[in-house]
Amino acid sequence: MDIDMPGTAASSGGVSGSPGDACVMVIFGASGDLTKRKLLPALYNLAKENLLSRDFALVGFARPDWTTDQFRERCGDELKRFAAGQVDPEVWHWFARRISYVRGDFGDVSAFQRLKGALADADQEHGTRSNYLYYLATAPTFFAPCIQQVGNAALVDEDGHWRRVIIEKPFGRDFDSARALNTEIQKVLSERQIYRIDHYLGKETVQNILAFRFSNGIFEPVWNRNYIDHVQITAAETVGVETRGGYYETAGTLRDMLPNHLFQLLSLTAMEPPVSFDADVVRDEQTKILKAVQPFDDREVLLRAVRGQYGPGQNGALGYRQEPLVSPASRTETYLALKIFIDNWRWAGVPFYIRTGKRLARRVTEIVVQFKRAPFVLFRKTAVDRLEPNRLVLHLQPEEGISLSFGAKIPGPVVRLGGVDMAFNYSDYFNATSQTGYERLLYDCMLGDATLFQRSDMVEAAWKVVAPIQNVWAALEPRDFPNYQAGAWGPEAGAELLTKDGRHWYDGPPPRDRSDGQRGAGHGEPPSIGRDT
Ligand code: BG6
């Protein structure tokens with residue numbers, strides 16, 4: 001697609017496809033999982049695509065007592081494990097020479113002086129021009145202390161060069177802690193320097209929501225309460241909490257998924273067209289959506305928010321309470337479904353149903369826009385017993401594509417209608433390279449484009465929506481946990497959230513699975529409308 005999207009020419013002033021600025025990237029927490037699984041492969045991919053400046057260096061900062069050589073060697077081994085394909089020795093050789101290591105604790109002032117020395121060395125050796133990108137791949141308790149140390153070491157001042165900080169999630173545990181964290185870090189950094197990451201925004205298909213909505217003239221006119229009956233946003237996982245029971249016990253699905261990933265999907269789907277793709281313009285529109293979410297009062301939490309926890313499933317699947325590091329009496333939720341309203345002119349009265357959870361029936365992230373039904377009047381005297389609404393589905397993962405369902409006449413003398421789909425699969429059109437999702441985010445940060453990062457007011461607006469749900473759920477312990485079987489579509493109450501409105505969750509197959517001749521134009525006889533597909 002040849003359009004100016006955030007982070008390219010339109011907003012950054014950089015030329016689309018040209019390398020990021022010369023800089024040193026410092027990874028705090030460089031011995032952890034994120035570095036080996038995501039950051040190193042992403043940097044390597046950028047280097048391979050010539051999107052990393054030739055004047056680049058990487059400094060790993062972590063506790064283990066390693067030398068630079070040892071750290072480099074580990075990076076090489078890990079890259080071989082986690083890069084998507086074969087590691088090109090030439091690219092790796094170039095990259096490895098730019099890596100150094102500083103051993104240190106976040107509480108240790110002298111470690112930050114050593115870091116300062118390492119940065120000065122990198123500037124000299126690699127021409128990195130004093131531009132520093134700090135990546136906080138640490139536990140959240142270290143976010144503020146680490147930024148303070150960097151500030152105390154006079155490593156954040158911008159004077160003819162830039163200094164930026166990427167902060168991993170979770171950003172706060174609730175509204176108060178998110179606001180306190182914002183206040184702490186803004187004592188050291190200006191908002192312009194802060195890049196709060198949400199890895200959903202690194203996904204091509206999530207970025208495509210903007211391209212889809214705003215580069216096609218046919219959707220915008222019908223993208224509102226006049227034509228849309230409701231919207232469903234699903235982020236379902238088949239995996240359980242795996243080794244993350246310790247973290248999950250302190251988080252739960254609400255904190256883990258809603259204020260960040262799901263609200264990004266919500267705001268991109270519902271926002272007004274921005275007047276440009278400039279970072280603040282796009283984020284202003286997203287924030288307006290979060291601020292327009294109708295607040296939940298206590299009673300509404302009970303009516304419009306559902307929580308669940310998985311119990312044991314078939315084939316010996318463990319229940320949440322049996323997972324490692326999870327309390328056998330845990331009341332932590334692993335499923336969440338919500339009905340929300342956006343109180344603005346475009347969306348008044350249109351419900352947005354959101355659900356997410358672990359150990360659900362299928363791994364799928366998608367946005368379903370269901371249009372209002374056509375009037376039935378013309379079909380009264382035919383064999384058709386009702387009309388199905390049109391559905392536009394944005395398939396975000398694992399299938400990537402867009403499909404639109406509509407009714408068509410089944411050939412024959414009797415008037416009957418069948419549900420058919422027009423389906424677009426990314427892989428049929430574009431050669432998607434295997435990416436971690438972090439490439440784009442790191443690249444944008446190196447170009448100074450914050451469009452795909454969360455701004456402080458966005459984060460706070462999101463937590464504000466979540467707050468009443470957190471409060472009610474904390475006050476009223478769930479009595480029915482576990483309330484769904486591992487491998488099911490969540491608790492009954494999740495389905496009832498829609499059935500009591502005369503609707504149901506769309507659990508249709510992803511576009512690929514439609515080659516079975518049951519669906520899709522031209523493939524045999526489509527299911528007759530009247531059947532609940
Ligand atoms: C993470 C959550 O942020 O997102 C995980 O902490 C969740 O619990 C993950 O599994 C989902 O991301 P993705 O990219 O697999 O949809």
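Q: How far is an oxygen atom of the ligand from an N or O atom in the side chain of Arg244?
A: This is a predicted model, in which local features need pLDDT of at least 70 and side-chain atom pairs 80 or more, while totals for chains, interfaces and linings use all residues. Residues are numbered from 1 along each chain as its sequence is written, and side-chain values use heavy atoms, without hydrogens and water. For Arg244, the distance to the ligand oxygen is 2.8 Å.

Q: How much of the ligand's accessible area does the protein cover?
A: The side chain of His261 has an N or O atom 2.7 Å from a ligand oxygen, and a polar side-chain atom of Gln397 lies 2.6 Å from one. On its own, the ligand has 400 Å² of accessible area (Shrake-Rupley method, 1.4 Å probe).

Q: How many charged residues are in the shell around the ligand?
A: The residues around the ligand (a heavy atom within 4 Å) include Lys169, Glu237, Asp256 and Arg363. By class, the shell has one nonpolar and three polar residues. Its charged residues (Asp, Glu, Lys and Arg) number seven.

Q: Over which residues from 1 onwards is the pLDDT below 50?
A: The chain has a mean pLDDT (the predictor's confidence, from 0 to 100) of 91, and 92% of its residues reach 70 or more. Where pLDDT is low, the predicted coordinates should not be read in detail. The pLDDT is below 50 over residues 1–15.

Q: How many residues does the largest nonpolar core have?
A: A nonpolar core joins buried (under 20% relative accessible area) Ala, Val, Leu, Ile, Met, Phe, Trp, Tyr and Cys residues through side-chain atoms within 4.5 Å. Phe28 and Phe112 are among those with the most contacts inside the largest core. A second, separate core of 17 residues includes Tyr310 and Ala486. The largest core has 136 residues.

Key. Polar contact = N/O pair within 3.5 Å; in protein donor to acceptor, adjacent residues only side chain to side chain. Contact = heavy atoms within 4.5 Å. Buried < 20%, exposed > 50% of the residue type's maximum accessible area, 1.4 Å probe, protein only.
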